There are 2 protein chains.
Amino acid sequence: MSPKITTELLKHLRQVMKNPRYVQEPVQAYIVPSGDAHQSEYIAPCDCRRAFISGFDGSAGTAIVTEQHAAMWTDGRYFLQAAHQMDSNWTLMKMGLKDTPTQEDWLVSVLPEGSKVGVDPFIIPADQWKRMSKVLRSAGHDLVPVKENLIDTIWTDCPQRPCKPLITLNLSYTGVSWRDKIVALRSKMAERKVMWFVVTALDEVAWLFNLRGSDVEYNPVFFAYAVIGMNTIRLFIDGDRMMDPAVREHLQLDSTLEPEFKIQVMPYGSILSELQAVGAGLSPKEKVWLSDKASYALTEAIPKAYRYLTPYTPICIAKAVKNAAETEGMRRAHIKDAVALCELFNWLEKEVPKGTVTEIVAADKAEEFRSQQKDFVELSFATISSTGPNGAIIHYKPVPETNRTLSVNEIYLLDSGAQYKDGTTDVTRTMHFGTPSAYEKECFTYVLKGHIAVSAAIFPNGTKGHLLDSFARSALWDCGLDYLHGTGHGVGAFLNVHEGPCGISYKTFADEPLEAGMIVSDEPGYYEDGSFGIRIENVVLVIPAETKYNFKNRGSLTFEPLTLVPIQTKMIDVNLLTEKE
Amino acid sequence: MSPKITTELLKHLRQVMKNPRYVQEPVQAYIVPSGDAHQSEYIAPCDCRRAFISGFDGSAGTAIVTEQHAAMWTDGRYFLQAAHQMDSNWTLMKMGLKDTPTQEDWLVSVLPEGSKVGVDPFIIPADQWKRMSKVLRSAGHDLVPVKENLIDTIWTDCPQRPCKPLITLNLSYTGVSWRDKIVALRSKMAERKVMWFVVTALDEVAWLFNLRGSDVEYNPVFFAYAVIGMNTIRLFIDGDRMMDPAVREHLQLDSTLEPEFKIQVMPYGSILSELQAVGAGLSPKEKVWLSDKASYALTEAIPKAYRYLTPYTPICIAKAVKNAAETEGMRRAHIKDAVALCELFNWLEKEVPKGTVTEIVAADKAEEFRSQQKDFVELSFATISSTGPNGAIIHYKPVPETNRTLSVNEIYLLDSGAQYKDGTTDVTRTMHFGTPSAYEKECFTYVLKGHIAVSAAIFPNGTKGHLLDSFARSALWDCGLDYLHGTGHGVGAFLNVHEGPCGISYKTFADEPLEAGMIVSDEPGYYEDGSFGIRIENVVLVIPAETKYNFKNRGSLTFEPLTLVPIQTKMIDVNLLTEKE
């Protein structure tokens, strides 16, 4: 990897930072965050602005360019990669290290008095704007919204925003019609006494309308917003895709409908002006519900007194609790996924000893077997196919420069998943094609004990997932081992492989309680730097548990594995397991 | 219990709320919080203003009196008690129930436009002021500080603020001299670039100067503040107690000392004016460090730009990590405490069958045995002596109206502790003087399994206590049982029996990581309403653990029990225990 040469680009950016065509007043600093206008985890190529300006294309990072400096904040996963990908114009700001200043503090330390700091108000979440703006203001500077994205003005070969055809999902997949979802949403709105709800997250729009897309790789979503009133539905979306007869039929665009279910289709780009019009027309006590992670631009469109902000939207919470149709779909998807991986493992058992299977070959073969399954759509994330020391790099993705050949001497870790029309999968298995060492088996068995401890945990209704995280670590801790990531994340039903509002991690506290029907991953691991990585991951469904005393009718929950992929028994030291395990 | 008649008192209070002698402008509402000026958990009789005005004397509650209404907010522990103790002038606001308004929202709903809401700025913590003030302001009202406490103006027989003699602790108890503590504090101040530190919590003042008092029952503290500069030490304290030659000698008040260790003794009441003088004399970049729980009055004395607020002060954190002398003292205290309780249990075994031992008699006997031990000072909290159904009331304290006789038919729960000059104890044992039922033994054994799981837990350095809470519940959860309180709290060394910044609870997230030398309680329980209560509590010391792989030299921790009181084997169903347990 050679670094991207950014001297000319930065010069150009610094020019537009002063160009009255783009900025009302010159800005002395410009912030380029990672995200898109929907605060997505995975973004489309046209939104990779931070990678364009800096060369650093990891999943997390914020660039700030001033007249003198260019600095990049990223976390421990990416220190090495960022250092390789960026040229000497850039200073790497290692987040999490003691002496690394925050973006705000750094800005205060380098800016001349009374500076303006610009940012695209569509990309920065409102809560982050508030925090930065406060610090800057108290130091005599101003955070200002720059309407036109300055990176876009200098990105001459910027890819177009994707606008691919939509998939309609019928009741056999979704269990609930979009009409009924709107009815349920309006009843939540009535409960909180809000008149409008603004849908900003892409997976929330997709879920609400029982539509899927392919605008973002791995995530079956499409660029759109929606604004739901008590009597109106507005969908903001571009392109020919609304001309598709299947979509028109699905959304009943050409039917005579009660007015409150009539969908008004509007251009994607008109969301701000439409929302401003909503904001201007509010009478006292008419509140508008937004996620507190929505963009500053959309949040500001609603006068402060009328905003109702929550960390999790009612759609996020409803979407997390899968109904019977979705659960059955997830079960079918996991059966198919297990068939594909069994075929892969069989193939690997035969081919690995020949010394011709690389990490990339194995990943491609996994995709090939999966793609033969019914209703396969695409992968659900970039396959982590890693052998030996590469397995210890938690967010590894094989590329030609690092591609290692699988052998009978090293542990192989495969973390992969797919989008099927009936469900999303995400599974990690760790295996050995020769004879694992006693130490490797020992570590594997502790990870397995942690995996089982979470999977078999029984807990009262109302328990938050973060309270289960230590169960996954206990066996490792007893021997002085640990892993530096959370234990589980929410999983969508033919939607994003990572979704809120639940999870199992020592890092979160604001997660919503687990409920029957929620689906999460259970994936403890152990990583020996420079040597091997172990992770055992199932996707598990939260189900009611039967207990002797039933928490005085408060009820209780446990997990049922949806993942059916076998775990390699060769890796287990059975002597370390209890009878129950 | 008959309710306190408050008609005249409220009339009187409403008069002073309009009396220009006490308020600059009339206030339409007056808030009476629970606390004292130091945000203490336990308060002196002169600070029980909320109990005086309302009759309700539970440990938590806030009263608000307007021209028309008088309302009391308290939590589920006290709904019954508050309803009994208050007359019909008062409306009980049940916190935690869905329909109960917050204090701010209620005020907004009942106040006439543009009202003033008064509160004693010394009693309300700055963070709470900020929250309330914001809501009130956005509804057109004002929260205003009322300098003279309005309850004090009508409380004609208000007890005097205690001002009892001090105890000096030498190095054999404290391990570190107050001079060395000041040096360490100043080095923490230099690290954070602050010039002043304001000590507002009573136990922090006591710890810093190696002094103890008895101004507040159960807590060996005394009313004082301190302001530590880089070159000055100011101690704000009243009374003759500074005339005591032992205290003068201990603080070296009459010695020739380097100026930076010379303690200036000032009147307790002069803290505000002195702090305002400090605030007025600050040059740019001179910060003042305060707890974010300090009173609004003291926080406001420092201009906003100069404040450095943290949730835990450096003293709070240093105090929590006990040194060798303190640890040895705690060990001695626990040996003495165990001797006293063994004597008690022996006495109970003989006396209970006679039917003459009530909960109060047993509590008194426990105190009698403890008071015979060397260096006994007082109890560390009100003894919870409860039999049968009273055991299920978690914060029970026997009073003549509820006093129950111990018998061979009921479970007896004793949660008690003492202050010895060398350490603080807190122990709960649950026992049966006849034959416990299979169900009682089953529940007891699950609680014991949880207690052992925490006590034997091994975890990496840097782990926060809240991550261990679920270990205490796992065995109960498996059978559908749980308990609705945290598992452990920090314990002082001859100081408050509850102290921060560490603990073991599902409720906290902002706790500081556990460190070797910290001391916490381990007290899971199970409560069957109307029937019995079970709790098993040890005080445990955080110690380094030895593990096979030692977390790659990150190191690890576990607990060592300091409590040596036997656990009644009769209550254990041994079949439910594992070999290791």
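Modeller: Start with residues 49-150 of chain A, where the chain is 34% helix and 22% strand and the end C-alpha atoms lie 10 Å apart. Helices (H or I, at least four residues) and strands (E, at least two) are DSSP runs, numbered from the N terminus. In UniProt, an unreviewed entry gives this stretch the annotation "domain: Creatinase N-terminal". UniProt positions follow the numbering used here, feature names are shortened, and annotations may be inferred rather than shown by experiment.

The model is predicted: local features need pLDDT of at least 70 and side-chain atom pairs pLDDT 80 or more, while totals for chains, interfaces and linings use all residues. Residues are numbered from 1 along each chain as its sequence is written, chains are lettered from A and ligands numbered from 1 in written order, and side-chain values use heavy atoms, without hydrogens and water.

Buried means under 20% relative accessible area, exposed over 50%, and partly exposed in between (1.4 Å probe, protein chains only); the arc is taken from the directions from the helix axis to the C-beta atoms. An α-helix has 3.6 residues a turn, so residues three or four places apart point the same way.

Helix 15 (residues 359-371) of chain A has 13 residues and reaches 18 Å from first C-alpha to last, close to the 18 Å expected, the expected span being 1.5 Å times one less than the number of residues. In helix 15 of chain A, the buried residues include A:Ala362, A:Ala363, A:Ala366 and A:Phe369. The buried residues of helix 15 of chain A fall within an arc of 160 degrees, so they line one face of the helix. Their cover includes helix 14 (324-351) and strand 17 (411-416) of chain A.

A:Leu495 lies in the loop between strand 22 (488-490) and strand 23 (499-504) of chain A. A:Leu495 is buried, at 1% relative accessible area. A:Leu495 and A:Glu204 are 291 residues apart in sequence but 9.5 Å apart in space, C-alpha to C-alpha. Beyond neighbours within four places in sequence, the contacts of A:Leu495 include A:Asp203, A:Trp207 and A:Lys319, where contact means heavy atoms within 4.5 Å.

At residues 557-581 of chain A, UniProt places "domain: Peptidase M24 C-terminal" (unreviewed entry). This part is 0% helix and 20% strand, and its end C-alpha atoms are 19 Å apart.

Finally, chain A can be laid on chain B with an RMSD of 0.1 Å by a turn of 180 degrees and a shift of 0.1 Å along the axis. That is the relation of a two-fold axis. Both copies use the same surface, as 100% of the contact residues of chain A recur in chain B. The copies are superposed by least squares on the C-alpha atoms of residues with pLDDT of at least 70 in both.
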